[in-house]
Amino acid sequence: MARPRKTGLDYFPLDTDMLSDRKLQAPRRKFGYLAIVVYLQLLCMLYRDKGYYIEFDAEQRQEVATAILAEVLIGQYQPKLDTILEVVEALVQSRLFDLNCYHKGILTSKRAQMVYYSATIERRAVRVDPAIWRLTQQEMRELSGKHSLVQGEKAAPETPKDAAETAENPTQNTQRKVEHSTENQSTAQQCVWSADDKTRSRQKFQDLFGRAPKADFWAAVGALGQSAWAVQQGMEIAQRKNVDKPEPYILAILRNQKPDATLAAPQEPADWEREWLLQKQERKARREREAADGTAGAQMAGEWQGTGA
């Protein structure tokens, strides 16, 4: 059985002057201790799970806020879920997290990525998402030239600096794009997975869930155009969440990510996936009804007490 690749960190350094960070002053003035608690917990979740980011899109933000409440803000004076989301927004607006990545549904920062980079120097074949990676090649080499991200071109991510140069000088990059267009066009039709990628992904699913996936799962994955690494990350998330039906859960995660290649239109959901999505919608509707009933009950109780009856 292959050992799963470690992604997160077991611990991270905490600056002694963190509470004096000028970026933290505005959130502290508005939310007091909550700004500190939420910020520290977000850092713990960021480094523990993904290593350098947290998924915070429309679907995940509620789960993240709920996890913060459940893990560190339990008790008689527990704040509301909306308050936690407002604190996160304030932290982002203070640039404690990258604003551009936040708009993409990701919580990360350059500082967090520097910590992750320094902590993974001894790891082999570290993978990062170039769409949200904020360190340039020069900045990474200044931290350490021994990291796998700077040891070879295949491991090095595309940096925002390179992307900016492409936008400013499009004519200089036209020839390079044309040279690779034929190769990219042929590989984009079939998800660009090597034989090893397919073998490792199938074995990983078997290792994590103790069985092979549904028959049409791989066809649905191929239609989404995600890399093998992204699919394997989705498997790990589903395994940590301990979901009953991992296939539709993984596909839902992948649909929220930008594809690695432009593929044909996704296939229609399979019957088992459609059933899972329907059950998910029903659970969400039930939670909303229960929350509404609880609010209405509290209001009625307050009115009853107010009458002095």
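**Notes on the model**

Modeller: This is a predicted model, and Arg-61 is a place to start: Arg-61 sits in helix α3.

Colleague: Is Arg-61 buried, partly exposed or exposed?

Modeller: Arg-61 is partly exposed, with a relative accessible area of 23%. The limit for buried is under 20%.

Colleague: What does Arg-61 touch, leaving out residues up to four places away in sequence?

Modeller: Phe-56, Leu-85 and Tyr-102.

Colleague: Back up a bit. How many helices and strands are there in the chain?

Modeller: The chain has 15 helices and 2 strands. It has 309 residues, and 38% of them count as buried.

Colleague: And what share of the contacts with a separation of 6 or more comes from residues 24 or more positions apart?

Modeller: That share is 67%.

Colleague: Now helix packing. At what angle do the axes of α2 and α4 cross?

Modeller: Roughly 80°, and the axes come within 10 Å. That makes α2 roughly perpendicular to α4.

Colleague: Which residues make the contact?

Modeller: From α2 there are Leu-34, Ala-35, Val-38, Tyr-39 and Leu-42, and from α4 there are Thr-83, Ile-84, Val-87, Val-88 and Leu-91. By class, the contact of α2 with α4 has 9 nonpolar residues, 1 polar and no charged.

Colleague: What about α12 and α14, roughly parallel or roughly perpendicular?

Modeller: The axes of α12 (residues 217-224) and α14 (residues 246-255) cross at roughly 5° and come within 10 Å, which means that α12 is roughly parallel to α14.

Colleague: Which residues meet there, in α12 and in α14?

Modeller: Phe-217, Ala-220, Val-221 and Leu-224 in α12 meet a set in α14 made up of Glu-247, Ile-250, Leu-251, Leu-254 and Arg-255. The residues of this contact of α12 with α14 comprise 7 nonpolar, no polar and 2 charged.

Colleague: Last topic, the backbone. What is phi like in most residues other than glycine?

Modeller: Most residues other than glycine have a negative phi. Arg-95 has a positive phi, near 70°. Ala-125 is not a glycine either, and its phi is positive at about 55°.

Colleague: Where are Arg-95 and Ala-125?

Modeller: Arg-95 is in the loop between α4 and α5 (99-103). Ala-125 is in the loop between α6 (110-119) and α7 (137-143).

Colleague: How accessible are they?

Modeller: Arg-95 is partly exposed, at 43% relative accessibility. Ala-125 is also at 43% and counts as partly exposed.

Colleague: One more loop residue. Where is Gln-78, and what is it in contact with?

Modeller: Gln-78 lies in the loop between α3 and α4. Setting aside neighbours within four places in sequence, Gln-78 is in contact with Leu-69 and Leu-73. Gln-78 counts as partly exposed, at 40% relative accessibility.

Note on methods
Residues are numbered from 1 along each chain as its sequence is written. This is a predicted model: local features need pLDDT of at least 70, side-chain atom pairs count only at pLDDT 80 or more; totals for chains, interfaces and linings use all residues. Side-chain values use heavy atoms; hydrogens and water are left out. Axes are lines fitted to C-alpha atoms, for helices over the stretch in contact, and angles run from 0 to 180 degrees between N-to-C directions. Helices (H or I, at least four residues) and strands (E, at least two) are DSSP runs, numbered from the N terminus. Angles under 35 degrees count as roughly parallel, over 145 as roughly antiparallel, 65 to 115 as roughly perpendicular and the rest as oblique. Contact means heavy atoms within 4.5 Å. Ala, Val, Leu, Ile, Met, Phe, Trp, Tyr, Cys and Pro count as nonpolar, Asp, Glu, Lys and Arg as charged, and the others, Gly among them, as polar. Buried means under 20% relative accessible area, exposed over 50%, partly exposed in between (1.4 Å probe, protein chains only).
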